[in-house]
Amino acid sequence: MFARNIVDTKWRPDLAYIIGLIATDGSLSIDGRHISLTSKDKEQLENFSRILSLKNTIGTKFSSYKKEKKYYVIQFGSVSFYRFLLSLGLTPNKTKTIGKLKIPRKYFRDFLRGHLDGDGCTYSYWDPRWKSSFMLYTDFVCASREHLEWVRDEIKAVVNIEGRITFAGKSTYHLRLAKKHSIKLFQFMYYKKGLPCLERKRLKFQLAVQQATMA
């Protein structure tokens, strides 16, 4: 039995961040009512639940491929919020079919931060081929090239930085931004303190940006 939830769909930074999470780690049931979010990071589910004022319990499940790999999951029902998500362009079984989403550009940075927390990553390293060469990359990952093309175009329009889309195999595409653009992207997404985010990713990104600016 699921608790009845009323979700405020008025646009705000927190809501845009939640939409980014749902676009990546979330799913819409075919019943027209239920929404769920799955993550290996419990903090992600706690942020999600707090922002949406959910009463539902965070549960756990294990990977069907690796039994020792635990995931956290929350599911809740809200017909009005479900319909709101449909109006943005989200659908059930969206993994390979998600395309453009109707995100107000005013809140795109918050949506993008949620997108990064869901299915994105940053990585950095010293390139041994070059003296004092510190490399930094930001990746957004998706099984839909159309969706990543939209994300790339929105980043270009709003932040004036460019990324490159590549096919990574296993039906997965990567939108990758290199060092200078990653630094600008960090400043764009984490524009003030106290924003909802996955803290481990924010800290990793921040430390890499600090290293890159000193290199």
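Predicted model: local features only at pLDDT ≥ 70, side-chain atom pairs only at ≥ 80, totals over all residues.
Residues are termed buried when their relative accessible area is under 20%. An α-helix has 3.6 residues a turn, so residues three or four places apart point the same way. Helix 7 itself comprises 16 residues (199–214). From first to last C-alpha it reaches 23 Å, close to the 22 Å expected at 1.5 Å a residue.

Arg-200 takes part in a side-chain polar contact with Asp-41, at 2.9 Å. Asp-41 is located in the loop that lies between strand 2 (34–39) and helix 2 (42–52). Asp-41 counts as buried because its relative accessibility is 16%, under the 20% cut-off. When neighbours within four places in sequence are left aside, the contacts of Asp-41 are Tyr-72, Leu-198 and Arg-200.

The largest nonpolar core contains 58 residues, and those with the most contacts inside it are Ile-19, Phe-48, Phe-81, Leu-85 and Ile-155. Helix 1 (residues 13–25) gives the most to this core, contributing eight residues. With neighbours within four places in sequence again left aside, Ile-19 is in contact with Trp-11, Phe-81, Phe-84, Leu-85, Leu-88, Leu-90, Ile-103 and Phe-111. In soluble globular proteins, nonpolar side chains tend to be buried together.

Note on methods:
Residues numbered from 1 in each chain as written. Heavy atoms only, no water. Core = buried A, V, L, I, M, F, W, Y, C linked by side-chain atoms within 4.5 Å. Buried < 20%, exposed > 50% of the residue type's maximum accessible area, 1.4 Å probe, protein only. Helix = DSSP H or I, 4+ residues; strand = E, 2+ residues; numbered from the N terminus. Contact = heavy atoms within 4.5 Å. Polar contact = N/O pair within 3.5 Å; in protein donor to acceptor, adjacent residues only side chain to side chain. Expected span 1.5 Å × (residues − 1).
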